[in-house]
Amino acid sequence: MKLRISQLSTAPPLTSLPADLTGHAVTLDLSHTDAAQRAAATDLARELLERGAARIVISGSAA
């Protein structure tokens, strides 16, 4: 499952994900984010783990 966070996102990314992510690997693509969105990625990763994600992979540059 790939979750893309970008500056063009209009809805919070977690609203479109199932409440139970047990066993899923989630990739966060931060390649098109600004500094504020990258800072919020920590909270997002924590929420994904609380929903049961087995693994979180962070990709993209922090440019």
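The stops below go from the whole chain to single residues.

**Before you start**

This is a predicted model, in which local features need pLDDT of at least 70 and side-chain atom pairs count only at pLDDT 80 or more, while totals for chains, interfaces and linings use all residues. Residues are numbered from 1 along each chain as its sequence is written, and side-chain values use heavy atoms, with hydrogens and water left out.

**Stop 1: the whole protein**

Show the protein as a cartoon. Helices (H or I, at least four residues) and strands (E, at least two) are DSSP runs, numbered from the N terminus.

How much of the protein is buried? Of the 63 residues, 27% are buried. Buried means under 20% relative accessible area, exposed means over 50%, and partly exposed is in between (1.4 Å probe, protein chains only).

Among contacts with a separation of 6 or more, 81% are between residues 24 or more positions apart. A contact here means heavy atoms within 4.5 Å.

**Stop 2: strand 2**

Select residues 25-32, which form strand 2, and pick out Asp-29 within them. Asp-29 counts as buried because its relative accessibility is 5%. Show its side chain: there is a polar contact with the side chain of Ser-31, at 2.7 Å. A polar contact is a pair of N or O atoms within 3.5 Å; within protein, one must be able to donate a hydrogen and the other to accept it, and residues adjacent in sequence count only if both atoms are side-chain atoms.

**Stop 3: along helix 1**

Select residues 35-50, the 16 residues of helix 1. From first C-alpha to last, helix 1 reaches 24 Å, close to the expected 22 Å; the expected span is 1.5 Å times one less than the number of residues.

Asp-34 caps the N-terminal end of helix 1, with a side-chain oxygen 3.2 Å from the backbone nitrogen of Ala-36.

Move along to Ala-41, where helix 1 bends by about 30°. That bend is the angle between axes fitted to the seven residues ending there and the seven starting there. Ala-41 is also one of the buried residues of helix 1, along with Leu-44, Ala-45 and Leu-48. After the helix comes Gly-52, which has a positive phi, near 105°.

**Stop 4: the salt bridges**

How many salt bridges does a search of the whole structure find? The search finds two. A salt bridge is a side-chain nitrogen of Lys or Arg within 4 Å of a carboxyl oxygen of Asp or Glu.

Select Asp-43 and Arg-46, whose closest N and O atoms are 2.9 Å apart in a salt bridge. Both lie in helix 1, three residues apart, about one turn of the helix. Asp-43 is partly exposed at 49%, and Arg-46 is partly exposed at 44%.

Next select Arg-51 and Glu-47, which form a salt bridge with closest N and O atoms 3.0 Å apart. Is Arg-51 buried or exposed? Arg-51 is buried, at 19%, whereas Glu-47 is partly exposed, at 28%.

**Last stop: a distance**

Draw a line between the C-alpha atoms of Arg-46 and Ile-56. These residues are 10 apart in sequence and 9.7 Å apart in space.
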